[in-house]
Amino acid sequence: MTIKPLADRVLVLPAPAEEKIGGIIIPDTAKEKPLRGTIKAVGKGTKDEEMLLKEGDQVLYGKYSGTEIELDGEKYLMMRQSDVLAVLA
């Protein structure tokens with residue numbers, strides 16, 4: 001199954017959370033939610049706001065941005081383009 005975001009929404013695959021810091025293994029409950037990810041799909045934008053992001057962009061987003069979606073065992077975030085803070089070059 002594929003997902004095609006509507007309007008100004010984007011589908012983001014979050015970067016994996018760090019498993020180990022300096023030799024200490026972090027349990028799942030204490031892992032920090034990642035704040036970066038890869039754009040997997042984009043909508044067409046709206047009449048007032050064109051879509052500036054594209055598939056494959058590495059982005060930074062806010063800590064509580066987006067809605068979690070699980071597809072084929074993989075967790076994604078669906079968010080508005082305005083929730084994306086920056087594109088990594």
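Read along the sequence, the chain runs β-β-β-β-β-β-β-β, a total of 8 strands and 0 helices.

The model is predicted, so local features need pLDDT of at least 70 and side-chain atom pairs count only at pLDDT 80 or more, while totals for chains, interfaces and linings use all residues. Residues are numbered from 1 along each chain as its sequence is written, and side-chain values use heavy atoms, with hydrogens and water left out.

**Stop 1: the whole chain**

Colour the chain by pLDDT, which is the predictor's confidence in each residue, from 0 to 100. The average is 88, and 82% of the residues score at least 70. Where pLDDT is low, the predicted coordinates should not be read in detail.

Next, show the surface. Its accessible area comes to about 6300 Å², with 54% belonging to carbon and sulfur atoms; the method is Shrake-Rupley with a 1.4 Å probe, and for residues only the protein chains shown count as cover. Of the 89 residues, 33% are buried. Buried means under 20% relative accessible area, exposed over 50%, and partly exposed in between, with a 1.4 Å probe and protein chains only. Contacts mean heavy atoms within 4.5 Å. Among contacts between residues at least 6 apart in sequence, 62% join residues at least 24 apart.

**Stop 2: the sheet**

Switch to a cartoon view. In which order do the strands of the open sheet lie? The order is β6-β7-β1-β4-β5-β8, 6 strands with antiparallel pairing. The edge strands, β6 (67-71) and β8 (84-88), each pair on one side only. From one strand to the next, the twist averages 40 degrees; the axes behind this value are lines fitted to C-alpha atoms (for helices, over the stretch in contact), and angles run from 0 to 180 degrees between N-to-C directions. Two strands count as paired if DSSP finds at least two bridges between them. Strands of a sheet pair through backbone hydrogen bonds, either parallel or antiparallel.

**Stop 3: strand β4**

Select residues 36-42, which form strand β4. This strand is largely enclosed by the rest of the structure, because 5 of its 7 residues are buried. Strand β1 (residues 9-14) pairs with β4 over 5 bridges, and strand β5 (residues 58-61) pairs with β4 over 3 bridges. Click on Gly-37: Pro-14 stands opposite this residue, and Val-59 is its bridge partner in β5.

Now pick Thr-38, also in β4. Thr-38 counts as buried because its relative accessibility is 17%. Beyond residues up to four places away in sequence, Thr-38 touches Leu-11, Val-12, Leu-13, Gly-56, Asp-57 and Gln-58.

**Stop 4: the nonpolar cores**

A nonpolar core is a set of buried Ala, Val, Leu, Ile, Met, Phe, Trp, Tyr and Cys residues joined through side-chain atoms within 4.5 Å. Select Val-10, Val-12, Ile-39, Val-42, Met-51, Leu-53, Val-59, Tyr-61, Leu-77, Met-79 and Val-84, the 11 residues of the largest core. Strands β1, β4, β5 and β7 each give two or more residues to this core. Apart from it lies another core of 6 residues, among them Ala-41, Leu-71, Tyr-76 and Met-78. In soluble globular proteins, nonpolar side chains tend to be buried together.

**Stop 5: Leu-53**

Leu-53 lies in the loop between β4 and β5. Is Leu-53 buried or exposed? Leu-53 is buried, because its relative accessible area is 8%. Leaving aside neighbours within four places in sequence, its contacts include Val-10, Ile-39 and Val-84. Ala-86 is 33 residues from Leu-53 in sequence, and their C-alpha atoms are 9.9 Å apart.

**Stop 6: Met-78**

Finish in strand β7 (residues 74-80) with Met-78, a buried residue at 15% relative accessibility. Leaving aside neighbours within four places in sequence, Met-78 is in contact with residues including Ile-3, Pro-5, Val-10 and Ile-69. Ser-65 is 13 residues from Met-78 in sequence and 8.6 Å away in space, C-alpha to C-alpha.

Definitions and conventions. Helices (H or I, at least four residues) and strands (E, at least two) are DSSP runs, numbered from the N terminus.
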